[in-house]
Amino acid sequence: MRHIHLIATGGTIAGTGQAGKTSGYEAGSLPVSSLLRTLPPLPADLRLTAEQICSLDSNEVDGGLWLRLARHINQLAQTDIDGFVLTHGTDTMDETAYFLNLAVKTQKPVVITGAMRPSTAASADGPFNLWQAIHLAAKPEAAGKGVLVCFCDSIYSGRDVQKVNTYKTDAFNEQDISCLGYMRDDQCYFLNSSLAVHTTASCFDVSSLTELPRVDILYFYAGAPEDALDFYASRAQGLVIAGTGSGNYSSRWVKKIRELSARRLPVVRASRIGHGIVSRDPHFEDSDNCIPAFTLPPQKARILLSLALTVTDSFEEMEEIFRKY
Ligand code: SIN
């Protein structure tokens with residue numbers, strides 16, 4: 001008997017609206033008990049327990065909820081539960097998956113899923129995604145792989161998963177390698193694994209954190225004024241730049257970021273492209289506070305920098321963390 005515990009947080013998977021329609025619905029309005037009633041049958045040797053931790057549109061998710069979720073899973077992982085499923089809105093699913101990938105301390109499977117269509121749409125994809133996620137969380141092969149996202153027949157790593165479509169039910173992908181594996185009905189087929197440090201090997205301990213250090217993202221575009229950097233630098237403990245191409249921005253921004261070095265403010269250089277790599281470049285990294293994001297997109301670089309600030313104030317160590325995580 002495998003014991004899987006479902007933690008519901010809201011999202012479109014729990015959305016309700018006009019019968020048959022895909023738009024104009026309210027995310028997170030269906031309780032987990034109703035969600036369970038829509039599921040195709042589960043095997044007799046699978047015990048499913050469930051709880052509702054919140055009922056949010058995932059655009060309302062914040063660092064406080066991430067800390068709560070990580071601590072809750074870490075506590076429950078000490079019990080007889082064999083695997084976890086989290087239902088979540090798709091808009092910030094990639095961020096929650098990456099945060100938990102860094103903060104959860106268990107080898108037991110933790111699988112996140114959701115839906116692109118509300119429960120009342122003719123094309124509702126939630127019941128099948130949830131059914132597959134429950135099966136995946138029950139598979140011994142899913143253990144020790146970090147936090148996973150199971151969506152539309154695919155398995156993704158929490159580190160690399162990205163939402164890549166605003167509307168289609170096959171809305172997720174991973175940079176360059178596409179996915180970790182496939183689900184076919186209730187069976188999983190793993191093809192890849194993430195080499196980045198995660199879960200039990202992660203150096204981040206959130207057990208006593210009351211909040212996460214504030215890190216803000218600045219989007220660079222042609223002609224972007226550099227005084228935006230001053231504005232955020234006065235409020236945040238770190239910045240992430242969503243630069244052009246391989247993490248680029250204007251000479252005026254380079255100069256301003258050099259000035260922020262004197263204030264000991266770390267600035268991570270990411271790219272707005274969403275694919276490829278941002279690696280060390282002397283044009284930017286002659287300023288010691290400037291750290292390349294490698295393959296992390298801005299919203300995930302923000303999470304890693306925030307957690308890095310809880311363990312070090314050395315720019316060198318932060319850069320090392322960005323290479324490993
Ligand atoms: C949300 O992220 O909560 C709304 C959108 C979705 O789940 O697809």
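Reply: Happy to. Axes here are lines fitted to C-alpha atoms, for helices over the stretch in contact, and angles run from 0 to 180 degrees between N-to-C directions.

Me: Before I go on, what kind of model is this and how are residues numbered?

Reply: This is a predicted model, in which local features need pLDDT of at least 70 and side-chain atom pairs count only at pLDDT 80 or more, while totals for chains, interfaces and linings use all residues. Residues are numbered from 1 along each chain as its sequence is written, and side-chain values use heavy atoms, with hydrogens and water left out.

Me: Good. What about the handedness of the crossing of helix 3 and helix 8?

Reply: That crossing is right-handed. The convention is that a crossing is left-handed if the near helix is turned anticlockwise from the far one by less than a right angle, and right-handed if clockwise.

Me: Which residues make the contact?

Reply: From helix 3 there are D94, E95, Y98, F99 and L102, and from helix 8 there are Q299, K300, I303, L304 and L307. Contact means heavy atoms within 4.5 Å. By class, the contact of helix 3 with helix 8 has six nonpolar, one polar and three charged residues. Ala, Val, Leu, Ile, Met, Phe, Trp, Tyr, Cys and Pro count as nonpolar, Asp, Glu, Lys and Arg as charged, and the others, Gly among them, as polar.

Me: Is helix 8 mostly covered or mostly exposed?

Reply: Mostly covered: nine of the 11 residues of helix 8 are buried, including P298, K300 and S306. Buried means under 20% relative accessible area, exposed over 50% and partly exposed in between, with a 1.4 Å probe and protein chains only.

Me: And what does helix 8 lie across?

Reply: Helix 8 (residues 298-308) lies across strand 11, strand 12 (238-243) and strand 13, running at about 160 degrees to strand 12. Helix 9 (residues 315-324) lies across strand 13 and strand 14, at about 15 degrees to strand 14. Helices (H or I, at least four residues) and strands (E, at least two) are DSSP runs, numbered from the N terminus.

Me: So what's the strand order in that sheet?

Reply: Four strands form an open sheet in the order 11-12-13-14, with parallel pairing. Strand 11 (215-219) and strand 14 (290-292) stand at the edges with a single partner strand each, so one side of each is left without a neighbour in the sheet. On average, neighbouring strands of this sheet are turned by 25 degrees against each other, direction ignored.

Me: How many bridges join strand 13 to strand 14?

Reply: Three bridges join strand 13 (residues 267-271) to strand 14, and R269 has P292 as its bridge partner in strand 14. Two strands pair if DSSP finds at least two bridges between them.

Me: Where is T92, and is T92 buried or exposed?

Reply: T92 is in the loop between strand 3 (83-87) and helix 3 (93-103). T92 is buried, with a relative accessible area of 12%, and touches S58, N59 and V61, not counting residues up to four places away in sequence.

Me: Last one: what is phi of D185 near?

Reply: Phi of D185 is near 55 degrees, a positive value in a residue other than glycine. Most residues other than glycine have a negative phi. D185 sits in the loop between strand 9 (181-184) and strand 10 (187-190) and is partly exposed, with a relative accessible area of 47%.
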